[in-house]
Amino acid sequence: MQREGERQSYGLSPVKYHGKWPFIRIFVFQEPLSAAMSVVNLLMHFTGWLSFFLLVNYKLPVRPQTKRTYYEYTGLWHIYAILSMNAWFWSSIFHTRDIDLTEKLDYSSAVALLGYSLILSLLRTFNVKDEATRVMFAAPILAFVTTHILYLNFYELDYGWNMKVCVVMAVVQLLAWAIWAGVTQHPSRFKLWIVVFGGAFAMLLEVYDFPPYKGYADAHSLWHVSTIPLTYLWWSFIKEDAEFCMSTLIKKAK
């Protein structure tokens, strides 16, 4: 911070130190805004998942023979919720205290979530219900994501390469959802479009980085802020998707 004070006195812009912008610490929080918003995102996913769990298990009818939900993607969304909460938990820890361990856990958790989200987007948009076909969709992506995580942890934590991998996985799933929303007659497709296009604009904050304003709000922290309302809309879409699929299946059964 002394060096940054000197640079500011000469009218120079902030620079990164070991890949990180200089932030003003608050108590133990090295990046206070990003840490706080990570916690809020974790809570948003928890409340979203909890409302989804209560919906499919206690509000919607279940199959009379098996007592299982009519919604074929219930288990997949439960896994998604666990991975999401795990990723935001380690994000909050990493932005609180940046050491090698917390950095690797944060990056690995984010990659795992993105990879699984990509798989889930393809399974839902292609309406894949057969277990064997699901495995065929998931296996190559799981293999790539696992290899990438091992590469980051045990060979080289290459920030540039990791950013490219994450952006590609994010763009592919956003395109899958956007195209599906355009061709389907899903009643909640407008919410999905908002999430897709909002997520695409928010992703620009990750690509076009800028230094923290007043030492607190950089591009990454603002991305954390932008994902909060998108998460609320996302879980709202998931719940309405469960209701839509259930009603469709019941109509077919009748």
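This is a predicted model: local features need pLDDT of at least 70, side-chain atom pairs count only at pLDDT 80 or more; totals for chains, interfaces and linings use all residues.

Me: Fine. How many helices and strands does the protein have?

Reply: Eight helices and zero strands. From the N terminus on, the order of elements is simply α-α-α-α-α-α-α-α.

Me: What does the C-alpha trace span along its principal axes?

Reply: About 75 × 35 × 30 Å.

Me: And how much of it is buried?

Reply: 43% of the 254 residues count as buried. On the contact side, if you take those with a separation of 6 or more, 68% are between residues 24 or more positions apart.

Me: OK, let's do packing. How do H4 and H5 cross?

Reply: H4 covers residues 100–125 and H5 covers residues 131–154; their axes come within 10 Å and cross at roughly 165°. Angles over 145 degrees count as roughly antiparallel, so that is what H4 and H5 are to each other. The crossing of the two is right-handed.

Me: Which residues meet there?

Reply: From H4, the set includes Lys104, Ser108, Val111, Ala112, Gly115 and Leu118. Among those they meet in H5 are Arg134, Phe137, Ile141, Val145, His148 and Leu152. By class, the contact of H4 with H5 has 13 nonpolar, four polar and two charged residues.

Me: Now H3 against H4. At what angle do those axes cross?

Reply: Roughly 155°, with the axes of H3 (residues 74–96) and H4 coming within 8 Å. That angle makes H3 roughly antiparallel to H4. H3 passes H4 in a left-handed crossing, and the residues of their contact divide into 17 nonpolar, six polar and two charged.

Me: What about H4 and H6, parallel or antiparallel?

Reply: The axes of H4 and H6 (residues 159–183) come within 9 Å and cross at roughly 25°. That makes H4 roughly parallel to H6. The crossing of H4 and H6 is left-handed.

Me: What does the side chain of His148 make a polar contact with?

Reply: With the side chain of Asn162, at 2.9 Å. Leaving aside neighbours within four places in sequence, His148 is in contact with Val111, Trp161, Asn162 and Val165.

Me: Switching to Ser91, then. Where is that one, and which residues is Ser91 in contact with?

Reply: Ser91 is found in helix H3. It counts as buried, at 4% relative accessibility. Apart from neighbours within four places in sequence, Ser91 is in contact with Ser38, Asp106 and His224.

Me: Last topic, backbone. Which loop is Phe27 in, and what is its phi?

Reply: Phe27 is in the loop between helix H1 (2–9) and helix H2 (32–59). Its phi is near 55°, which is positive in a residue other than glycine. Most residues other than glycine have a negative phi. As for accessibility, Phe27 counts as exposed, at 73%.

Me: And Lys214, what's its phi and where does it sit?

Reply: Lys214 is not a glycine, yet has a positive phi of about 60°. You'll find Lys214 in the loop between helix H7 (189–207) and helix H8 (219–253).

Me: Is Lys214 buried or exposed?

Reply: Exposed, at 59% relative accessibility. The cut-off for that is over 50%.

Key
Residues are numbered from 1 along each chain as its sequence is written. Side-chain values use heavy atoms; hydrogens and water are left out. Axes are lines fitted to C-alpha atoms, for helices over the stretch in contact, and angles run from 0 to 180 degrees between N-to-C directions. Helices (H or I, at least four residues) and strands (E, at least two) are DSSP runs, numbered from the N terminus. Angles under 35 degrees count as roughly parallel, over 145 as roughly antiparallel, 65 to 115 as roughly perpendicular and the rest as oblique. A crossing is left-handed if the near helix is turned anticlockwise from the far one by less than a right angle, and right-handed if clockwise. Contact means heavy atoms within 4.5 Å. Ala, Val, Leu, Ile, Met, Phe, Trp, Tyr, Cys and Pro count as nonpolar, Asp, Glu, Lys and Arg as charged, and the others, Gly among them, as polar. A polar contact is a pair of N or O atoms within 3.5 Å; within protein, one must be able to donate a hydrogen and the other to accept it, and residues adjacent in sequence count only if both atoms are side-chain atoms. Buried means under 20% relative accessible area, exposed over 50%, partly exposed in between (1.4 Å probe, protein chains only).
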